[in-house]
Each structure stands twice: as structure tokens, then as C-alpha cells.
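Let's walk through this fold together, one element at a time. Keep the viewer open and follow along as the pieces come up.

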Amino acid sequence: MIKVGFIVNPYAGMGGAVGLKGTDGRIKEAIARGAVRESPAKAIRFLSGLTRKDLLFFTAGGEMGEDELKSAKISYTCLYHPHNPQSDQNTSISTTAADTIEACKKFLQNNCDIIIFCGGDGTARDVYSCTGAKTLILGIPTGVKIYSGVFATSPESAAKLLSQWNGYSYTDGEVMDVDEEEYRKGNLNTQVFGYAKIPSSSIPCQSCKQISCGDDRRATEEIASFITEIMRDDTLYLLGAGSTTGAIAERLGISHTLLGVDAVYQGRVVGSDLNEKQILSLLDQYGNVKIIISPVGAQGFILGRGNQQISHHVLARTGIDALIVVATEAKLKNTKSLYIDTGNPAMNEACGDTIQVICGYRMAIRARLNKEIILSGSGPGG
């Protein structure tokens with residue numbers, strides 16, 4: 001039997017759609033903005049996709065794992081019950097990073113072979129603070145910030161990986177985190193905390209996000225030139241995060257939120273650093289909408305990492321055809337695969353098997369979307 005420590009950060013990812021770029025110290029604010037918990041549903045997607053029968057689960061109480069295992073009808077042993085006497089009953093905040101750490105300590109005391117966690121980079125850091133490089137870990141991506149190389153690309157791919165894992169082979173993955181306060185200001189400050197052991201399988205984990213260091217400025221400027229040339233006065237444009245979309249804003253002579261979503265109409269900014277609710281409100285005002293986005297570093301995520309504001313609810317209103325993907329050829333060469341993870345498997349499927357990527361002035365390629373990994377599971381949507 002493979003002993004699995006299973007833990008869920010129920011608040012991970014709540015800051016994404018509401019534009020907070022993370023939930024570290026901002027859970028109450030996220031709830032006040034109307035954020036909903038998506039991490040438990042993604043945890044159930046993972047559990048529902050498991051096919052092997054030799055897994056022995058240990059977990060923490062309530063939404064930290066017990067509830068999700070019950071929902072998936074998987075037997076388990078609960079080793080830790082979170083108890084936070086200072087929890088806020090008005091906002092139902094009942095678990096903290098300290099609970100994650102205490103649960104992991106219990107898993108280690110019971111000699112778990114691997115710890116599976118649902119969360120983002122902050123959760124990865126908390127787990128790694130207990131395990132170091134001694135115990136294998138694997139992340140199910142449910143947070144806003146997913147920069148570490150210890151995450152599967154989706155809940156379904158995590159289920160496939162664990163189901164196919166031989167029980168002993170492993171590789172190394174970076175554990176990274178981002179300074180959220182600086183991130184909210186548009187500054188990307190990352191720190192490597194260490195190298196964790198992750199299970200090795202034919203199903204890949206995601207790469208760490210890479211910051212382009214090559215001189216592809218000319219290609220970026222050509223993309224910006226072409227995009228601004230085809231922009232129409234009767235269309236609202238949502239500019240996603242990144243330096244490539246930033247070059248488009250620069251060419252228009254307008255400000256741009258480097259790590260957020262802005263709205264542009266007739267060459268002027270009509271909304272800055274928007275959250276999902278604000279985007280949906282703009283969709284009520286404008287009939288024609290296009291969404292200009294660029295893949296995240298070497299991870300290759302077009303949607304689902306760092307831009308959760310552009311949710312499946314938004315895409316249901318605009319249609320998939322509203323997407324305009326931009327990336328230089330150099331960036332695409334350093335990107336192993338392209339992914340879309342809207343949080344809704346049906347919406348992912350609607351994106352098709354390929355997507356057009358504008359990579360220069362009047363130049364585009366048809367890039368394949370890695371659908372096998374994103375859509376392999378049969379669990380419910382998040």
C-alpha cells in the first residue's frame with residue numbers, strides 16, 4: 001500500500017477571480033468581494049480521477065481533506081482536526097497555514113510515502129517547510145500563484161500521475177513563492193525556498209515559470225504593431241497580464257497593469273486591474289469584446305494561472321472566439337505545451353485541440369493545446 005497524506009487549503013485561489021492576486025492575509029477581503037471556494041471542488045476532481053486501489057489516505061478534518069474524501073467515497077484516517085479559537089465565525093475562516101503545517105507533521109509521524117496538497121505556492125512552501133527533500137510531495141493547482149515546479153498541470157493530470165506512479169521513482173521540483181504585496185503593485189519578486197522530491201511519471205508536472213531573458217523585444221514590438229493596427233473602435237479589449245500585452249498598451253500610449261487585467265476602448269483605459277465581477281459588468285455595457293492574452297512563461301498556461309479573472313463565466317459571455325493569443329516565437333520555443341484550464345472541463349473542451357497564436361507582424365501559427373492532460377478526468381467541474 002502507498003500511504004498518502006492528503007491536505008486541502010480550502011481558501012486557495014479565492015483571490016484570483018476577485019482580482020486580489022492571492023489570498024495571503026486577504027481571505028476576509030476576498031470573501032467580502034464575493035469570492036467562492038474552488039479548491040474543494042478541484043480536490044474532488046482529483047480524487048474522482050484516481051484509478052488505483054492501493055492507496056491508503058491520511059488527512060485533516062473538515063474542508064482540509066476529510067469532506068472531499070467523503071464526497072469521493074474514499075476511505076481515510078483523519079490524523080489532525082483543525083481548531084482555531086480565533087477563527088472569524090462571520091466569514092467562516094477556520095483554518096490557517098499553521099493547520100497545514102501541523103497536519104503535515106502528523107503525516108510524517110505516520111510515515112506517509114507522499115503528501116498530496118491542494119493549494120498554491122504558499123501552501124507548497126508550508127508543506128515543504130515540514131518535508132524538506134525527504135518526503136515526496138505533489139501539488140494540485142488551486143491557488144492564484146502557481147510558480148513552483150511541484151504541481152501537476154491540473155487535478156486530472158495529478159490523478160493520472162498518481163495512478164500511474166510506480167511508488168518509488170522521483171525527480172526534483174523547485175518550491176518558489178512570490179511576494180504578494182509586491183505582486184499586487186505589479187512587481188514580480190520570486191524566491192526559491194528549496195528543491196522538493198516529486199513523483200516521476202510519463203505525466204508531466206508543470207515547469208517553473210520562467211521570465212524571458214532573451215532579446216525578443218523586436219518580435220514583441222511587431223506583435224504590438226499588428227494588434228494595434230487591427231483594433232476596432234466598436235470593440236472593448238481586455239488586456240491580460242504580461243510584458244507582451246504591456247507592449248501593446250505602450251504602443252497605444254496608455255497605462256497597463258503588468259500582473260492584472262485592463263479594459264481598453266477606443267484607445268483609452270476604461271478599467272484597470274479588473275476582477276471577474278468588474279469584467280462581467282463591462283460586458284453588460286459593450287457588445288463587442290476581444291480578450292488579448294499571452295501564455296504564462298514556460299508553463300504554457302493561456303488561461304488558469306495568474307488571470308483567473310478571465311473565468312469560464314466571462315468566456316461563456318464572450319465566446320471562445322473572443323480570445324486573441326499573442327507570444328513571440330522565442331517564447332513558444334521555450335514552452336513545452338500550451339494549456340487552458342478555465343476551472344470548467346466543458347469550457348476547456350470547447351476550446352478545441354489547437355489555438356492560433358500571433359507571433360509577429362501579420363504572422364501567426366496554429367499551436368496544439370494539450371487536451372489529454374487537462375481533460376483526462378471524469379470528476380465534476382470546479
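Predicted model: local features only at pLDDT ≥ 70, side-chain atom pairs only at ≥ 80, totals over all residues.

Val326 stands opposite Ile358 in strand β15. Another residue of the pair to look for is Val325, which stands opposite Val357 in β15.

Now turn to the other neighbour of β13. Three bridges link β11 to β13, again in parallel, and the bridge partner of Ile293 in β13 is Val325. What about the two faces of β13, and which residues lie on each? Leu323 and Val325 are on one side, Ile324 and Val326 are on the other, and all four are buried, with both faces of the strand covered.

Helix α10 (residues 243-252) comes next. Its buried residues are Thr244, Thr245, Gly246, Ala247, Ile248 and Ala249.

Five strands form it in the order β3-β2-β1-β4-β5, with parallel pairing. The edge strands here are β3 (76-80) and β5 (136-141), and each pairs on one side only. Neighbouring strands of this sheet are turned by 25 degrees against each other on average, direction ignored. Four bridges connect β2 (residues 55-60) with β3 in parallel, and the bridge partner of Thr59 in β3 is Cys78. Helix α3 (residues 39-48) packs on this sheet, touching β1 (2-8), β2, β4 (114-119) and β5, with its direction at about 160 degrees to that of β1. Helix α5 (residues 97-109) also packs on the sheet. It touches β1, β2, β3 and β4, and its direction makes about 120 degrees with that of β3.

Cys359, in contrast, counts as buried at 4% relative accessibility. How many disulfides does a search of the whole structure find? The search finds zero.

Helix α6 (residues 121-131) is worth a stop too. Nine of its 11 residues are buried, so the helix is largely enclosed by the rest of the structure. Among them are Asp121, Asp126, Tyr128 and Cys130. The residue that follows α6 is Gly132, with a positive phi near 55 degrees.

For a contrast, find Asp172 in strand β6 (residues 170-178). Is Asp172 buried or exposed? Its relative accessible area is 52%, so Asp172 is exposed. Leaving aside neighbours within four places in sequence, Asp172 is in contact with Ala196, Lys197 and Ile198. The C-alpha atoms of Asp172 and Ile198 are separated by 5.9 Å, although these residues are 26 apart along the chain.

Finally, zoom out to the whole protein. It holds 15 helices and 16 strands, and 57% of its 382 residues count as buried. Of the contacts with a separation of 6 or more, 68% come from residues 24 or more positions apart. The protein exposes about 15900 Å², with carbon and sulfur atoms supplying 45% of it.

As for confidence, the mean pLDDT is 82, and 78% of the residues reach 70 or more. Residues 85-91 stay under 50, and the model has seven contacts for them beyond four places in sequence. Over residues 210-215 the pLDDT is also below 50, and this stretch has three contacts beyond near neighbours in sequence.

Notes: Residues numbered from 1 in each chain as written. Heavy atoms only, no water. Buried < 20%, exposed > 50% of the residue type's maximum accessible area, 1.4 Å probe, protein only. Contact = heavy atoms within 4.5 Å. Areas by Shrake-Rupley, 256 points an atom, 1.4 Å probe, with all protein chains shown as cover. Pairing = 2+ DSSP bridges. Disulfide = S-S within 2.5 Å. pLDDT = per-residue confidence, 0-100. Axes fitted to C-alpha atoms, helices over the stretch in contact; angles between N-to-C directions.
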